[in-house]
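My notes follow the model below.

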Amino acid sequence: MEHDVAWKKYDEADLEALEQLTAEYIDFISDNKTERECAAAAIALAEERGYRPLDEAVREGRALRAGDKVWAQAHGKALILAHLGSAPLAEGFNILGAHLDSPRLDLKQNPFSESNGLAHLDTHYYGGIKNYQWVTLPLALHGVIAKTDGTVVEVNVGEDAGDPVFCVTDLLIHLAGKQMGKKASEVVEGEDLDILIGNRPLVIEKDEADGTDDGDAAADADPAATEADAADRPVYEKLAEKEPVKAFALKLLAEKYGIAEEDFLSAEIEAVPAGRARDLGFDRSMVIGYGQDDRVCAFTSLAAQLALADAALEKTGMCVLVDKEEIGSVGATGMASQFFENTVAEIMELAGEGGPLPLRRALAASSMLSSDVSAGFDPAYAAAFEAKNSAYLGRGLVFNKYTGSRGKSGSNDASAEYVARIRRVMGDAGVSFQTAELGKVDVGGGGTIAYIPAKYGMDVIDSGVPVLSMHAPWEVTSKADIYEAFKGYEAFLKNA
C-alpha cells in the first residue's frame, strides 16, 4: 500500500498557506531553543488569542463555560492550553500532546576549568545523542541563572550576528590514527564534550594585584589598608594568578550579567547549535534546523489549538506541551508528573464538574494524539528500514500504531477501533497521512509519552512528522508534512 506525495494535490492557495505556516515555524524554532523559551513563546501567542491564566480563574473562583480558553504552566517548562466545548467535560477531551525538550549539552553545576591556556565549560549531555556529531560545531548558550537574592538572569549568547560562539574541539586527522580505529560510540567520550570558551588571560597590574596604588603613599604605608583592599577585590581578580583565562571569562560574565562562578550552582544553561533554521534544497521543500524533535510537533499542535480561534467546539480541545521526554518524561515538568491530571481537575472544578469520579471518567473518555516525530526513510541507510512500513518525507502526517523496541516493549499500541476512527477523521478532512514503524524489527526502537496518558484508559495513538537525521544537531523535515500535520491536528480537535 503506497501513499501519494502530498505536494501533488496542492493548488496556489495551499502552497501559500504552507509557506506561511513553515515560515512561522522556522522563526519559532530559531528563536526558541530551550523548553523554557518555547513555553514562554507559546504562552505569549496564546494570550494574544484570548487565552487567560487558569490560576487567575482559580484565585477569583471564576466559573468556566463553553468557549472559555485557559492556560496553565509548570515551572516555566510545560504548558497546557484548553478551549472549552459545549459537551460535559466528563465525556472527555480531544488532546494533542507533544514535548518541548530536545537533545543538547547541559552545563554542569561546576563547569569552569582551565588547562594550558584554554578555558572550558564542562557539560553533561541530555538525551540520546551521537557524541561525535557535537564536535567542531558552533554552539550558543541559552538558559537562566538563578541568584540567591531571588533574581533570575536570562542568558542567550551566540545567536546574534555580533555574538561570539563556542565549540567542542576534535583531534586533527594527522594524529587521529588510534581515534579512527574506535567504535563510533567511543570516538568522543561524554566527559570529553567540553566547550571551549576562551584563550585570553586576565592581566592584573602589580598595584591592582597587591591592592595598592603607586600614587597613594598612605595606602602603601598602611598594611591593614592593603589587606582590606585585597579582600574587596572581585573573586575573578584573585583567580588571575593561577587561572588567568578562566578569570577573564568570569570578569566578562560579571560585567555583562552581574553573576559570579558560584551562581552556576543554580543555573540551567544549555549548549545548542548556533544559528537559524533554514530552507533546504533547491526547491526549498524542506527545513533543516535544531530541535525539530519534537518542536515540529509541538509547534503544529500549538498552531492547531490556536487556529480554533472562537470556534464553538463540542468536545473540549486541549494542547499539552511537556518537558523531559528525552530522558523518560520524569520530573515535575514531564508527562509522568501530576501536572496534567491536576490541571484537568482544576478546570473541571471551575466548570462545575469537580470530584474524583468525574475526573476519572473524563480522562478515560478522552482521545489523544501523542505527537512525536517518526523516523523518515533515508535511502542512504535503507538497510535499517522495512520499506512497506516506513514513513516517507512529503507523504503527510505519520501514525505509529505502536512504537517500542523488539517485541513492542514500552509501546502503547493503539486499538484497531481507534485507528479506524482516526482514519475517518483524517479522510473527511482531506489530510494526507501514512502509517509507519520505527525501523526494522530488532534493529532498534524508541518511545514517546503515549503510554503515560494511556494509563487512564483513554484512546492514544502516536502521530507526527517524519524526520531525517533525528537527534542530530541539525534535523530535516518536509514542509508538506509540517502542513499536513497542522491540518490533521486541527481536524482532530474539531471532529475526533
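**Charges over rings**

I looked at Lys and Arg ends first. K408 lies over the face of Y402, 3.9 Å from the ring centre. The cut-offs: NZ of Lys or CZ of Arg within 6 Å of the ring centre and within 35 degrees of the ring normal. R395 puts its charged end over the ring of Y392, at 4.3 Å from the centre.

**Ground rules**

The model is predicted, so I note that local features need pLDDT of at least 70 and side-chain atom pairs pLDDT 80 or more, while totals for chains, interfaces and linings use all residues. Residues are numbered from 1 along each chain as its sequence is written, and side-chain values use heavy atoms, without hydrogens and water.

**Aromatic pairs**

I searched the whole structure and got nine aromatic pairs. F28 and F299 make a tilted pair, 5.5 Å centre to centre with 45° between the planes. It links distant parts of the chain: F28 is in helix α1 (residues 12–31) and F299 in helix α11 (residues 292–307), 271 residues apart. Buried or exposed? F28 is buried at 8% relative accessible area, and F299 is buried at 6%. Next, F399 and F433 form an edge-to-face pair, 5.9 Å centre to centre and 75° between the planes. F399 lies in strand β16 (residues 397–400) and F433 in strand β18 (residues 433–435), so this pair ties together parts 34 residues apart in sequence. F399 and F433 are buried. I also noted one aromatic cluster of W7, Y10 and Y483.

My cut-offs: Phe, Tyr and Trp rings (six-membered for Trp) pair with centres within 6.5 Å; planes under 30 degrees apart are stacked, over 60 edge-to-face, the rest tilted. Buried is under 20% relative accessible area, exposed over 50%, partly exposed in between (1.4 Å probe, protein chains only). Helices (H or I, at least four residues) and strands (E, at least two) are DSSP runs, numbered from the N terminus.

**I347**

I347 lies in helix α12 (residues 339–350). I347 is buried, with a relative accessible area of 1%. What is I347 in contact with, leaving aside neighbours within four places in sequence? I found L54, L64, V70, A82, L84, L89 and M318. Contact means heavy atoms within 4.5 Å. I347 and K182 are 55 Å apart, C-alpha to C-alpha, and 165 residues apart in sequence.
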